[in-house]
Amino acid sequence: MINKDKNEPEDFEDFLVNEVIEERDEMKSKKFLFTNKKIAISISESENLEELGFSKIHQQDTILELTRYLIINGATLLYGGDLRAEGYTFLFSEIVKQYTPHKDNNRYYENYFSFPIYLNIQERQNLDFIKNGVKVNKVTPPEDLNLNINEFYPPIGNENLFIWSECLTKMRNQMNDDNHGRIFMGGRKSNFKGKYPGLLEEVLLSLKSDKPTYLIGAFGGITKSIIDAVNNEKPEELSEEWQKKQNPEYSKFVDFYNSKENNIKIDYKESLNFINTYSLKKLSDNNGLSESENQRLFETIHIHEIIFLVLKGLKNSLN
């Protein structure tokens, strides 16, 4: 746990499950910390989890516990996921079902699916989403691609990879517009679909919009590389040269993508420079934590401390 002033009134558990009870006409009504606030989660497994002494289960436990506290405090969870059986899409669906704070018709979990991924949603999965109160947001492809919206385009070959990258970018932009804050954890450094590693593209959108952004470094991955960049380092994973060495097909795709007219280029140097110059101070000004608290969030491996820092920052920045 982080050190707190002895005179500070807030208790850790009271803070996490903060609710104000008001007596009115002999009825009790609850006010939640994050009512009507949409919090996006950006997470995927890191390639170096075992090197850090963790497993996939450790990472899942941390994000699900954090998600639980967000939900019981009234937040709506946003996630851009896929349809893997053991992916976070269905894990979030189950935990939101268990901890939804109100018995009403509101949706406390929204999952964004980009084209053409949403074409693969099976009827059974759709029924599970309905049963668990999940709002499914199907993000259609950009109109200028002139695609058959009923055809699945497999991510094979530069033309189809271009389609996937543009559709993923549209989905990520929509999620960024819709959320009030975003939490980052782990994330693949290479072998991804899209222009950039998914979490890198999402953090660029979040920071450029000055949204409250929380970077959890315990589980490594591209999030740790982004943290290093915020601390004015130049991690090799955030360079085009390193990315091209990891995947020859991606190397060809970058050249193909950048040869297209009228689209924003893949530019790792510009992206790294932006994060370098964004500064820890600006991150802190926007996310409700002090610089020392953000540095602690970058480093701590303790679940309760991670939860405390993220919820404290959200409370300060959103209320």
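Me: First off, how do the axes of helix H6 and helix H10 lie relative to one another?

Reply: This is a predicted model, so local features need pLDDT of at least 70, side-chain atom pairs count only at pLDDT 80 or more, and totals for chains, interfaces and linings use all residues. Residues are numbered from 1 along each chain as its sequence is written, and side-chain values use heavy atoms, with hydrogens and water left out. The axes (lines fitted to C-alpha atoms over the stretch in contact) of H6 (residues 198-208) and H10 (residues 268-278) come within 11 Å and cross at roughly 50 degrees.

Me: What makes H6 oblique to H10?

Reply: Angles under 35 degrees are roughly parallel, over 145 roughly antiparallel, 65 to 115 roughly perpendicular, and the rest oblique. The crossing is roughly 50 degrees, so H6 counts as oblique to H10.

Me: Which residues of H6 and H10 meet?

Reply: In H6, Leu 200, Val 203, Leu 204, Leu 207 and Lys 208 meet H10's Tyr 268, Glu 270, Ser 271, Phe 274, Ile 275 and Tyr 278. They split into eight nonpolar, one polar and two charged (Asp, Glu, Lys and Arg count as charged).

Me: Why is Ser 114 called buried?

Reply: Buried means under 20% relative accessible area with a 1.4 Å probe, protein chains only. Ser 114 has 2%, so it's buried. Its contacts (heavy atoms within 4.5 Å), leaving aside neighbours within four places in sequence, are Val 139, Cys 167, Leu 168 and Met 171.

Me: How much of the protein counts as buried?

Reply: Of its 319 residues, 54%.

Conventions: Buried means under 20% relative accessible area, exposed over 50%, partly exposed in between (1.4 Å probe, protein chains only). Axes are lines fitted to C-alpha atoms, for helices over the stretch in contact, and angles run from 0 to 180 degrees between N-to-C directions. Helices (H or I, at least four residues) and strands (E, at least two) are DSSP runs, numbered from the N terminus.
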